[in-house]
Amino acid sequence: MKLSETYFNVCSVAVILLMMGLSTPGQADISSLDTGNIDDILNNAGVALVNFYADWCRFSQMLHPIFEEASNIVREEFPDTKQVVFARVDCDQHSDIAQRYRITKYPTLKLFRNGMMMKREYRGQRSVTAIADFIRQQQVDPVKELQSLDEVNKVDRSKRNIIGYFEKKDSDNYRTYEKVANILRDDCVFLAAFNAVSETERVSGDNVIFKPVGENVPDMVYLGSLTNFDLTYAWTQDKCVPLVREITFENGEELTEEGLPFLILFHIKEDSENLEKFQHEVARQLISEKGSINFLHADCDKFRHPLLHIQKTPADCPVIAIDSFRHMYVFPNFQELTVPGKLRQFVLDLHSGKLHREFHHGPDPTDSTPGQEELGGEMASNPPESSFQKLAPSETRYTILRRDRDEL
């Protein structure tokens, strides 16, 4: 082959790569994470987008050049390497990291803020433009500055509002508040007033309050130290993230990917009384189970299909059920919700394997606890398959990891 032809072929390949948006090795500023550097890199990043991948996964291979090009574009706009980080984890090489972050599909794009993983991962379009736009959105200031206290009376009370009153913006107190707001920006509206605007609300120093949903619900005041991030974050998270969340078709996938079974109240949308009763009993009986099960409520009309799986209709609501992502189990009698320990025992029977054991072997011979009640003429020890597992990610976009363990 002539030298000119060789040169032409090399140039042609380069042009094609550029047209495809592929990055040559070394161009993209992407950090490869391992057990030795992951905490340091993520903790020092304002925002980090991490690609959890496997080389054998064709969807991972397709994403690599897109992810790299998006990284190049974002780096030009945000050159501070601590402001935005693009990183990746080879899950075959670092299975411990994959397990730590409950990776169940490849590739998974997880968002981290100040070292904390956000529940809402990136599920947008797999394109350079979409990923770059997503990162730009993360750079928008999560705190809206109030120009007068009159604006406080106009806040949207259908949303959870956190309002901070500070002497000055350049302070440790506000930096803590801003960091918390950055992490919880998807769960609450954050507002702040400074200097003379906030003076009347700072009788005993900088002050933060929570305005719950509802016009007549009293405000709550943060009484801890604003320089203590952990305390401030824990208080704010408790106020911004409800113990019992609503499941919809829009957030079903992300709730499923949290990997925890569902305890669901199916109720008529207008039935706030039984929803409040359920919320109260969850807080009273199950607060210690917060990290082992997701407490949810669902609109009966919207989720008719899962109800049909347990031989119920909206006319039967309210109905309480557990979806373990393998089977669905029905709480026998909603009227027993307030019986001390009854709801808690139902959840403990899931964790102990009792509900699942009865599925395989029938009811325990001397036991009459939930799981043995009749359900439409059929024993509840033969529960229907999970319905909400169908809200899991599409296999046309991900390689779904198969786990053959006998789950609850």
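User: What is the handedness of the crossing where H6 passes H8?

Analyst: In this predicted model, H6 passes H8 in a right-handed crossing. That label applies because the near helix is turned clockwise from the far one by less than a right angle.

User: Which residues of H6 and H8 meet, and what makes up their contact?

Analyst: From H6 come Thr176, Lys179, Val180 and Ile183, which meet Phe229, Thr232, Tyr233 and Thr236 of H8. The residues of this contact divide into four nonpolar, three polar and one charged.

User: How do you know that Glu77 and Arg136 form a salt bridge?

Analyst: The closest N and O atoms of Glu77 and Arg136 are 2.7 Å apart, and a side-chain nitrogen of Arg within 4 Å of a carboxyl oxygen of Glu is what the term requires, so the pair qualifies as a salt bridge. Glu77 lies in helix H3 (residues 58-77) and Arg136 in helix H5 (residues 128-138), so the pair ties together parts that are 59 residues apart in sequence.

User: What makes the pair of Arg113 and Asp186 a salt bridge?

Analyst: Here the closest N and O atoms are 3.9 Å apart, and because the cut-off is 4 Å, Arg113 and Asp186 also form a salt bridge. Arg113 belongs to strand E5 (residues 108-113), while Asp186 sits in the loop between helix H6 (172-183) and strand E9 (189-194), so the pair ties together parts that are 73 residues apart in sequence.

User: Why is Arg113 called buried, and why is Asp186 called partly exposed?

Analyst: Buried means under 20% relative accessible area, and Arg113, at 1%, therefore counts as buried. Asp186 has a relative accessible area of 42%, which lies between the 20% limit for buried and the 50% limit for exposed, so Asp186 is partly exposed.

User: How many salt bridges are there in the whole structure?

Analyst: A search of the whole structure finds 20 salt bridges, including one in which the side chains of Glu336 and Lys342 meet at 3.6 Å, N to O. Salt bridges that share partners also join Lys105, Lys110, Glu121, Arg123, Glu253 and Glu254 into one network.

Conventions. Residues are numbered from 1 along each chain as its sequence is written. This is a predicted model: local features need pLDDT of at least 70, side-chain atom pairs count only at pLDDT 80 or more; totals for chains, interfaces and linings use all residues. Side-chain values use heavy atoms; hydrogens and water are left out. Helices (H or I, at least four residues) and strands (E, at least two) are DSSP runs, numbered from the N terminus. Buried means under 20% relative accessible area, exposed over 50%, partly exposed in between (1.4 Å probe, protein chains only). Contact means heavy atoms within 4.5 Å. Ala, Val, Leu, Ile, Met, Phe, Trp, Tyr, Cys and Pro count as nonpolar, Asp, Glu, Lys and Arg as charged, and the others, Gly among them, as polar.
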